[in-house]
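Let's take a friendly walk through a protein model, one piece at a time. Have a look at the structure first, and then read on.

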Amino acid sequence: MKNLVAELRASIASTLLLAVLCCGVYPAIVWAVGQGLFSHKANGSLVRADGKVAGSSLLAQGFTAPNYFHPRPSAAGQGYDAAGSSGTNLGPTSKKLIESVKERVDAYRAENGLPPDARVPADAVTPPPRPLDPHITVLNAALQAKRVAAARGMTEEDLLKKMRAHTEGRTLGIFGEPRVNVLLLNLDLDGKM
């Protein structure tokens with residue numbers, strides 16, 4: 001019986017010790033390192049405008065007015081809803097996907113004053129793999145620049161300077177393509193950055 005009590009005591013002590021280490025000490029260390037070294041990212045990469053949170057530089061928002069750059073189409077819930085941020089699961093042979101892309105291509109061309117045979121960047125008409133991706137390609141932004149400049153009464157050159165200021169390079173210098181953060185660019189155009 002003494003052996004059973006000793007074994008029981010040892011297992012309870014080990015369980016409590018592991019619980020304190022894994023559920024208290026380790027999360028506290030990770031939190032402290034995150035806050036100390038990566039505070040902005042650890043707190044959601046929030047962007048503030050006029051003293052209020054305007055969004056996160058990591059999440060897309062639905063801009064639709066002609067004086068704003070528009071993000072990629074979203075498959076997340078009701079638009080750009082972080083609570084419903086799964087993909088569409090529509091494959092390349094899906095009729096529904098093909099029809100929606102055709103509709104978006106026509107709408108994109110009309111909205112941006114492009115000729116009927118103009119090539120449209122894929123990111124302008126297809127939802128991203130990450131449904132709330134805040135970036136668009138440089139080509140997509142350049143094709144929208146004329147519309148945005150006209151709606152804001154700016155020269156295209158001034159607008160392109162702001163666009164270049166919010167263009168991010170390849171990840172680690174080799175992965176992906178240069179991209180434009182739509183939220184940051186639109187806030188800058190509003191004079192809130």
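## Confidence, a helix pair and a hairpin

In this predicted model, confidence is highest in H5, with a mean pLDDT of 93, and lowest in S2, with a mean of 83. Across the protein, pLDDT averages 87, and 91% of the residues score at least 70.

| Element | Residues |
|---|---|
| Helix H5 | residues 138-152 |
| Helix H6 | residues 156-165 |
| Strand S1 | residues 46-49 |
| Strand S2 | residues 52-56 |

Let's start with the helices. Two packed helices are described by the angle between their axes and the distance between the axes. For H5 and H6, the axes come within 9 Å and cross at roughly 140°. Because of that angle, H5 is oblique to H6. The crossing of H5 past H6 is right-handed.

Which residues make the contact between H5 and H6? From H5 come Val138, Ala141, Ala142, Ala145, Lys146, Val148 and Ala149, while H6 supplies Glu156, Leu159, Leu160 and Met163. Sorted by class, this contact of H5 with H6 holds nine nonpolar residues, two charged ones and no polar ones.

Now for the strands. S1 and S2 pair in the antiparallel sense, over four bridges. In this pairing, Leu46 stands opposite Ser56 in S2. Together S1 and S2 form a hairpin, with two residues between them. Look for Asp50 in the turn: its phi is positive, at about 55°.

How values were computed
Residues are numbered from 1 along each chain as its sequence is written. This is a predicted model: local features need pLDDT of at least 70, side-chain atom pairs count only at pLDDT 80 or more; totals for chains, interfaces and linings use all residues. Side-chain values use heavy atoms; hydrogens and water are left out. Axes are lines fitted to C-alpha atoms, for helices over the stretch in contact, and angles run from 0 to 180 degrees between N-to-C directions. Angles under 35 degrees count as roughly parallel, over 145 as roughly antiparallel, 65 to 115 as roughly perpendicular and the rest as oblique. A crossing is left-handed if the near helix is turned anticlockwise from the far one by less than a right angle, and right-handed if clockwise. Contact means heavy atoms within 4.5 Å. Ala, Val, Leu, Ile, Met, Phe, Trp, Tyr, Cys and Pro count as nonpolar, Asp, Glu, Lys and Arg as charged, and the others, Gly among them, as polar. Two strands pair if DSSP finds at least two bridges between them. pLDDT is the predictor's confidence in each residue, from 0 to 100.
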